[in-house]
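Reader: I am new to this structure. Please show it, and then take my questions in turn.

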Amino acid sequence: MNDFLFTFVTPEKEIAKQIKVKEILCPSETGELNILPQHAPLIALLKPGVLSYKISSKWEKFAVSWGYLEVHPKGVRVLAETAETGVEISKLKSEKKIEELSNKLKDPLLTEEQIREIKKQIEKEEVRIRLSNSN
């Protein structure tokens with residue numbers, strides 16, 4: 001199988017710059033995307049989940065929040081708001097954050113937009129816990 005070029009950045013760090021990968025699994029708003037060499041061009045909105053990419057026979061995994069994925073003829077580019085490896089994540093902090101956010105959801109004065117935003121934050125923390133458990 002051919003390799004393709006992959007760039008993966010957040011506002012704080014450059015995770016991968018034009019590295020050769022064999023495959024990418026990426027959480028998108030429309031479902032998980034499996035990107036292989038010569039994939040059709042597309043732009044997708046990321047949702048919280050685990051983004052994985054394969055270098056040789058090894059998988060690298062990151063908990064990502066929101067962002068964008070672009071597949072173009074020369075490779076793939078991911079711009080994520082946040083990205084963390086399992087070892088960078090504190091499971092206890094994420095559990096505490098979920099508890100705090102869940103308590104906020106009990107407020108009867110929240111708007112629909114506030115409820116959606118809190119649920120997105122809970123989803124992000126759940127993904128972080130899942131990845132921290134896989135190490």
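Author: Tyr68 lies in strand S8, residues 67-72, where strands are DSSP runs of E with at least two residues, numbered from the N terminus. This is a predicted model, in which local features need pLDDT of at least 70, side-chain atom pairs count only at pLDDT 80 or more, and totals for chains, interfaces and linings use all residues. Residues are numbered from 1 along each chain as its sequence is written, and side-chain values use heavy atoms, with hydrogens and water left out.

Reader: How many salt bridges are there?

Author: A salt bridge is a side-chain nitrogen of Lys or Arg within 4 Å of a carboxyl oxygen of Asp or Glu. Among them is a network that links Glu84, Glu125 and Arg128. By this rule the count is seven.

Reader: Which residue forms a salt bridge with Lys22?

Author: Lys22 sits in the loop between strand S2 (14-21) and strand S3 (23-28), and its partner is 19 residues apart, in the segment before S1. The closest N and O atoms are 2.9 Å apart, and the partner is Asp3.

Reader: Is Lys58 buried or exposed?

Author: Buried means under 20% relative accessible area, exposed over 50%, and partly exposed in between, with a 1.4 Å probe and protein chains only. Glu60, which meets Lys58 in a salt bridge, is partly exposed because its relative accessible area is 24%. Lys58 has 52% relative accessibility, so Lys58 counts as exposed.

Reader: What is the relative accessibility of Arg77?

Author: The side chains of Arg77 and Glu70 meet in a salt bridge, 2.8 Å from N to O. Glu70 counts as partly exposed at 28%. Arg77 also counts as partly exposed, and its relative accessibility is 35%.

Notes:
Helices (H or I, at least four residues) and strands (E, at least two) are DSSP runs, numbered from the N terminus.
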